[in-house]
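Visitor: I have a structure to look at with you today. Could you walk me through some of its details?

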Amino acid sequence: MIRLLLLSIAAAAPATAQVASSFDAGKALPLAPGQWSYVATPTGGEARFGALLSLRCDRATRTMTISRPGSPAATQTIVTDTQSRALPPNGRISAFDPLLDAVAFSRGRILVSGGSAGVLAVPSWPEAGRAIEDCRN
């Protein structure tokens, strides 16, 4: 009985890892607990979803860095209702990248996966868009 349970758990693991490749499949994931906040910084704006996700502007280079604080740098995949793309390991992309528009206007949620952390589903709130706009203006 225990062996059967362990086999079923092992068989379920790959499906969880693949969820981030499909927005529709990601709708079944519960949203992470917490809320977005925004703060203006000397280098541009920063939007944070609790301690789980950060979108930080560097206005001098017109780049945004998407990171999961506390997690080692790794290639992350961002999934929205209109786009899905892997980011470089440093999480830095141009502030004018169309992926950021997809993040700002995603319907209901944004999925982030990669590295040793599981798939993170966060609600799509205006704070992310505000940090993005800070970087573009």
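**A walk through the model**

Guide: Gladly, and let's begin with a serine: a polar atom of the S106 side chain lies 2.7 Å from the backbone oxygen of R109. Please keep in mind that this is a predicted model.

Visitor: Which backbone nitrogen lies 3.3 Å from a polar atom of the side chain of S106?

Guide: S106 sits in the loop between α3 and β8 (109-114). Leaving out residues up to four places away in sequence, S106 touches F23, T80, D81 and S124. One of these supplies the nitrogen at 3.3 Å from the side chain's polar atom, and that residue is D81.

Visitor: Is S106 buried or exposed?

Guide: The cut-off for buried is under 20% relative accessible area. S106 has a relative accessibility of 5%, so S106 counts as buried.

Visitor: Where is V103, and what is its relative accessible area?

Guide: V103 belongs to helix α3, which covers residues 98-105. Setting aside neighbours within four places in sequence, V103 is in contact with L55, I78, T80, I110, S124 and A128. V103 is buried, and its relative accessible area is 4%.

Visitor: How far apart in space are V103 and I132, C-alpha to C-alpha?

Guide: I132 is one of the buried residues of α4, and α3 is among the elements that cover the buried residues of that helix. In sequence, V103 and I132 are 29 residues apart. From C-alpha to C-alpha, their separation in space is 9.5 Å.

Visitor: How many residues of helix α4 are buried?

Guide: Helix α4 spans residues 126-136 and is mostly covered. The cover for its buried residues includes the strands β1 (36-41), β2 (44-49), β3 (53-58) and β4 (63-67), along with α3. Among the buried residues are E127, A128 and G129. Of the 11 residues in α4, the buried ones number 8.

Visitor: Which strands are at the edges of the open sheet?

Guide: The sheet has 4 strands in the order β6-β5-β8-β9, with antiparallel pairing. An edge strand pairs on one side only, and here the edge strands are β6 (84-86) and β9 (117-123).

Visitor: Why is β8 described as largely enclosed by the rest of the structure?

Guide: The description rests on burial, for which the cut-off is under 20% relative accessible area. β8 is largely enclosed because the buried share of its 6 residues is 5.

Visitor: Which residue in the turn between β8 and β9 has a positive phi?

Guide: These two strands pair in the antiparallel sense over 5 bridges, and G114 stands opposite A117 in β9. They form a hairpin with 2 residues between them. The turn residue with a positive phi, of about 70°, is G115.

Visitor: What kind of aromatic pair do W36 and F49 form?

Guide: The count comes to 1 aromatic pair. The ring centres of W36 and F49 are 5.6 Å apart, and their planes stand at 65°. Planes over 60 degrees apart pass the cut-off, so the pair is edge-to-face.

Visitor: How many residues apart in sequence are the parts that this pair ties together?

Guide: Both W36 and F49 are buried. W36 lies in strand β1 and F49 in strand β2, so the parts tied together are separated in sequence by 13 residues.

Note on methods. Residues are numbered from 1 along each chain as its sequence is written. This is a predicted model: local features need pLDDT of at least 70, side-chain atom pairs count only at pLDDT 80 or more; totals for chains, interfaces and linings use all residues. Side-chain values use heavy atoms; hydrogens and water are left out. Buried means under 20% relative accessible area, exposed over 50%, partly exposed in between (1.4 Å probe, protein chains only). Contact means heavy atoms within 4.5 Å. Two strands pair if DSSP finds at least two bridges between them. A polar contact is a pair of N or O atoms within 3.5 Å; within protein, one must be able to donate a hydrogen and the other to accept it, and residues adjacent in sequence count only if both atoms are side-chain atoms. Rings of Phe, Tyr and Trp (its six-membered ring) pair if their centres lie within 6.5 Å; planes under 30 degrees apart count as stacked, over 60 as edge-to-face and the rest as tilted.
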